[in-house]
Amino acid sequence: SYPGADYDIYEIPQFELKDLDNIKTINTDLFSGDFVLNVWASWCITCVIEHPYLMRLNSKGIPVIGLNYKDEREDAVIWLNKYGNPYDLILHDYKGTFALDLGVTGAPETFLINDGEVVAHYQGEVNEIIWQDVFLPVIKEMEMF
């Protein structure tokens, strides 16, 4: 097993959160299909390092959903305006309750979601090596994307 990687399969816990713009309410039912869930925050230094890789994933057509973790809305928006937005959707988890239910210990963390189930989880920065070694084997095996 890869350090920082976890392949326990479990259902996404029930949740209801607002999006970063505080307009849409998103809940567990909207989490269908295959996508990458990335936990990030404007205060997270490693998130800045990881960010260009998420932009690359997005440009390759891989759906990436952001989970903004224990962050002020305004700070998160300023951060995205500065670095770019690789996310198809961003959930705002100010209190960190959904993140905690998911098993998040900090940021960044990345989850691979397949039809409402977590099929891989990585704690730390995702880059080309991590993508190839941790996520790609699962993606190929499960015929995702």
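The protein chain of this predicted model contains 4 helices and 9 strands. Along the sequence these elements follow the pattern β-β-β-β-β-α-β-α-β-α-β-β-α. The radius of gyration is 14 Å, close to the 15 Å given by the globule rule for 145 residues, so the chain is as compact as a globular protein of that length. Along the principal axes, the C-alpha atoms occupy a box of roughly 40 × 30 × 25 Å. Of the contacts between residues at least 6 apart in sequence, 73% join residues at least 24 apart.

Buried residues account for 49% of the 145 residues in the chain.

When residues up to four places away in sequence are not counted, phenylalanine 135 touches Thr110, Leu112, Ala120, His121, Tyr122, Val126 and Ile130.

The torsion about the S-S bond of cysteine 44 and cysteine 47 is about 90°, so the disulfide is right-handed. Both cysteine 44 and cysteine 47 are buried.

Side chains of opposite charge can pair when their charged atoms come close. In the whole structure, a search finds 1 salt bridge. This salt bridge is formed by the side chains of glutamate 128 and arginine 56, at 3.0 Å from N to O. Because glutamate 128 lies in helix H4 and arginine 56 in helix H1, the pair ties together parts that are 72 residues apart in sequence. Glutamate 128 is partly exposed, at 29% relative accessibility. Arginine 56 is also partly exposed, with a relative accessible area of 41%.

Some backbone features were considered separately. Most residues other than glycine have a negative phi, and most peptide bonds are trans. A cis peptide bond, with omega about 0°, joins alanine 107 and proline 108. Proline 108 is located in the loop between helix H3 (97-102) and strand E8 (109-114).

Asparagine 22, although not a glycine, has a positive phi of about 60°. This asparagine occurs in the loop between strand E3 (16-19) and strand E4 (25-27). With a relative accessible area of 41%, asparagine 22 falls between the 20% and 50% limits and therefore counts as partly exposed. A positive phi, near 55°, is also found at phenylalanine 145, a residue other than glycine. Phenylalanine 145 belongs to the segment after H4 and is partly exposed, at 44% relative accessibility.

Note on methods. Residues are numbered from 1 along each chain as its sequence is written. This is a predicted model: local features need pLDDT of at least 70, side-chain atom pairs count only at pLDDT 80 or more; totals for chains, interfaces and linings use all residues. Side-chain values use heavy atoms; hydrogens and water are left out. A disulfide is a pair of cysteine sulfur atoms within 2.5 Å. Buried means under 20% relative accessible area, exposed over 50%, partly exposed in between (1.4 Å probe, protein chains only). Contact means heavy atoms within 4.5 Å. Helices (H or I, at least four residues) and strands (E, at least two) are DSSP runs, numbered from the N terminus. A salt bridge is a side-chain nitrogen of Lys or Arg within 4 Å of a carboxyl oxygen of Asp or Glu. The radius of gyration is taken over C-alpha atoms; the globule rule is 2.2 Å times the number of residues to the power 0.38.
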